[in-house]
Amino acid sequence: MEIKKIVFATDFSESSVNALRYAVDLAKQYGARLYFLHVLYDVAKTSGWYVPHVSMDEMYKDMEKSAREELDKLFVDEMRGYEGIERIVLKGTPHEEIVTYAEEQNIDMIVIGTHGRKGIDRMIFGSTAEQVIRNAPCPVLSVRLPRHLK
Ligand code: AMP
């Protein structure tokens, strides 16, 4: 089995950050490249609201900057000394962007949290996890928070 490219998809939730160490360990063991991927919700696309282009562009610039800073923080904590990591910030619907990215980049494995920012109260998987698992072109490792952290 060859695992040369791993995507760690994060919404910066506790659940996804908990999954990070699995992505890091796998990357180290397989000598794989690791892609830290965050998707900014495309508000106009999902809500159908009309928002003037200029203010949308400004808002996304700010959001992208914040997302990159958050990704940088993950780098510092978990990946000291490891080369071969990329930060990716995309815009759209998270599960669609994650799956499309994996298809286009020939990703070998995706690591995600079983739950995201919306919490763990729901009886079913969160929508991103479920859709990624259903549609990804590669295996998906979905990591659940340990019981004591819930
Ligand atoms: P959810 O299904 O929305 O509860 O989220 C499950 C997991 O999907 C999270 O723990 C993250 O690993 C990933 N995820 C959710 N939203 C995003 C996002 N906007 N960008 C990247 N990954 C995400």
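Guide: The side chains of Arg 87 and Asp 72 form a salt bridge, with 2.8 Å from N to O. A salt bridge here is a side-chain nitrogen of Lys or Arg within 4 Å of a carboxyl oxygen of Asp or Glu. The two partners come from distant parts of the chain, 15 residues apart: Arg 87 belongs to strand β3 and Asp 72 to helix α3. Helices (H or I, at least four residues) and strands (E, at least two) are DSSP runs, numbered from the N terminus.

The model is predicted, so local features need pLDDT of at least 70 and side-chain atom pairs count only at pLDDT 80 or more, while totals for chains, interfaces and linings use all residues. Residues are numbered from 1 along each chain as its sequence is written, and side-chain values use heavy atoms, with hydrogens and water left out.

Arg 87 has 31% relative accessibility and counts as partly exposed; Asp 72, at 31%, is partly exposed as well. The classes are buried for under 20% relative accessible area, exposed for over 50%, and partly exposed in between, with a 1.4 Å probe and protein chains only.

By the rule above, the salt bridges number 7. Helix α3 spans residues 53–78 and holds both Lys 61 and Glu 58, which sit 3 residues apart, about one turn of the helix. Their side chains meet in a salt bridge at 3.7 Å, N to O. Lys 61 is exposed at 53%, whereas Glu 58 is partly exposed at 43%. Glu 70 and Lys 73 also lie in helix α3, 3 residues apart, about one turn of the helix. The salt bridge between the side chains of Glu 70 and Lys 73 is 3.1 Å, N to O. Glu 70 is partly exposed, with a relative accessible area of 30%.

Contact means heavy atoms within 4.5 Å. The buried residues of α4 include Pro 94, Ile 98 and Tyr 101, and their cover includes β1, β2, β3, β4 and α5. Asn 106 follows α4 and has a positive phi, near 55°.

Ser 13 lies in the loop between β1 and α1 (14–30) and is buried, at 6% relative accessibility. The side chain of Ser 13 makes a polar contact of 2.6 Å with the side chain of Asp 11. A polar contact is a pair of N or O atoms within 3.5 Å; within protein, one must be able to donate a hydrogen and the other to accept it, and residues adjacent in sequence count only if both atoms are side-chain atoms. Leaving aside residues up to four places away in sequence, Ser 13 touches His 115, Gly 116 and Arg 117. Thr 114, in the loop between β4 and α5, is also buried, at 6%. A polar atom of the Thr 114 side chain lies 3.3 Å from the backbone nitrogen of Arg 144.

His 115 leads on to the ligand. Around the ligand are 20 residues, of which Ala 9, Val 39, His 115, Gly 116 and Ala 129 come nearest; a residue is near a molecule if one of its heavy atoms lies within 4 Å of it. An oxygen atom of the ligand is 2.7 Å from a polar backbone atom of His 115. For Thr 128, a polar backbone atom lies 3.0 Å from a ligand oxygen, and for Ala 129 the corresponding distance is 2.9 Å.
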